[in-house]
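Have a look at the picture, then work through the points below.

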Amino acid sequence: MNKYHYTESGLDNIYLVNGFEIIKTEDGGEEIFIHDIHGLHKTIGKTLIFKKGILNGNEIKFIRTTLDLSQTSLGRLLGLDYQTILGWEKNKSPISKTADHFLRIIFFSYINRENHCAVYDKINEIADIDAVEAEVRKIELEEVDDEWRLAAA
């Protein structure tokens, strides 16, 4: 069986050795059926998370679309505007090392959310803080059993 160049991922360097079927359509064309596409995307994602070097535009877009985020939403998570994300995806400007690392952490927590759901949820919760008007409130702390914590209200 031949390898399948999986360009539908948006990445130019993905080839499937197996795990797919080529199905003939009634009109004489071909249709590709990929087994466990979610597992495939998870594996591609893990490869991107641990690859050497800065993520390129296609890799950033793959991660963003796998996260099911718009450019605006990803920008909100990273504290940036959508135009910055667009620039990265179009390879017009490079992603910073800090944003690259944070994006990988977000994606790692997402694809491992069964085990690390608290991390992904906290990242979203922190991003939501920016959307809310600044709130000034008194923070009362207490020491209990040699440990500091918020005091009961």
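**Aromatic pairs**

Phe107 is buried, and Tyr110 is buried too; "buried" means under 20% relative accessible area, "exposed" means over 50%, and "partly exposed" is in between (1.4 Å probe, protein chains only). Keep in mind that this is a predicted model, where local features need pLDDT of at least 70, side-chain atom pairs count only at pLDDT 80 or more, and totals for chains, interfaces and linings use all residues. Residues are numbered from 1 along each chain as its sequence is written, and side-chain values use heavy atoms, with hydrogens and water left out.

- A pair of aromatic rings is described by the distance of the centres and the angle of the planes.
- Searching the whole structure turns up three aromatic pairs (rings of Phe, Tyr and Trp, the last by its six-membered ring, pair if their centres lie within 6.5 Å; planes under 30 degrees apart are stacked, over 60 edge-to-face, and the rest tilted).
- One of them is Tyr4 with Phe20, a tilted pair at 5.5 Å centre to centre with 40 degrees between the planes.
- Tyr4 sits in strand S1 (residues 4-5) and Phe20 in strand S3 (residues 20-24), so this pair ties together parts that are 16 residues apart in sequence.
- Tyr4 and Phe20 are both buried.
- The ring centres of Phe107 and Tyr110 are 6.5 Å apart and their planes are at 10 degrees, so that pair is stacked.
- Phe107 and Tyr110 are both in helix H5, three residues apart, which is about one turn of the helix.

**The overall layout**

- The protein chain has six helices and six strands (DSSP runs numbered from the N terminus: helices are H or I with at least four residues, strands are E with at least two).
- From the N terminus on, the order of elements is β-β-β-β-α-α-α-α-α-α-β-β.
- The protein chain has 153 residues, and 30% of them count as buried.

- Seven of the ten residues of helix H2 (residues 57-66) are buried, so H2 is largely enclosed by the rest of the structure.
- Those buried residues are Gly57, Glu59, Ile60, Phe62, Ile63, Arg64 and Thr66.
- What covers them includes helix H1 (37-49), helix H3 (71-78), helix H4 (82-89) and helix H5 (97-111).
- At the start of H2, a side-chain oxygen of Asn56 comes to within 3.0 Å of the backbone nitrogen of Asn58.

**How H3 meets H4**

- H3 and H4 pack at an angle of about 110 degrees, with their axes 8 Å apart (axes are lines fitted to C-alpha atoms, for helices over the stretch in contact, and angles run from 0 to 180 degrees between N-to-C directions).
- Gln71, Thr72, Leu74, Gly75 and Leu78 of H3 make the contact with Tyr82, Ile85, Leu86, Trp88 and Glu89 of H4 (contact means heavy atoms within 4.5 Å).

**Two loop residues with positive phi**

- Asp68 is not a glycine, yet its phi is positive at about 60 degrees.
- Asp68 is found in the loop between H2 and H3, and it is exposed, with a relative accessible area of 68%.
- Asp145, also a residue other than glycine, has a positive phi near 50 degrees.
- Asp145 is in the loop between strand S5 (141-144) and strand S6 (147-150), and at 74% relative accessibility Asp145 counts as exposed.

Methods. Polar contact = N/O pair within 3.5 Å; in protein donor to acceptor, adjacent residues only side chain to side chain.
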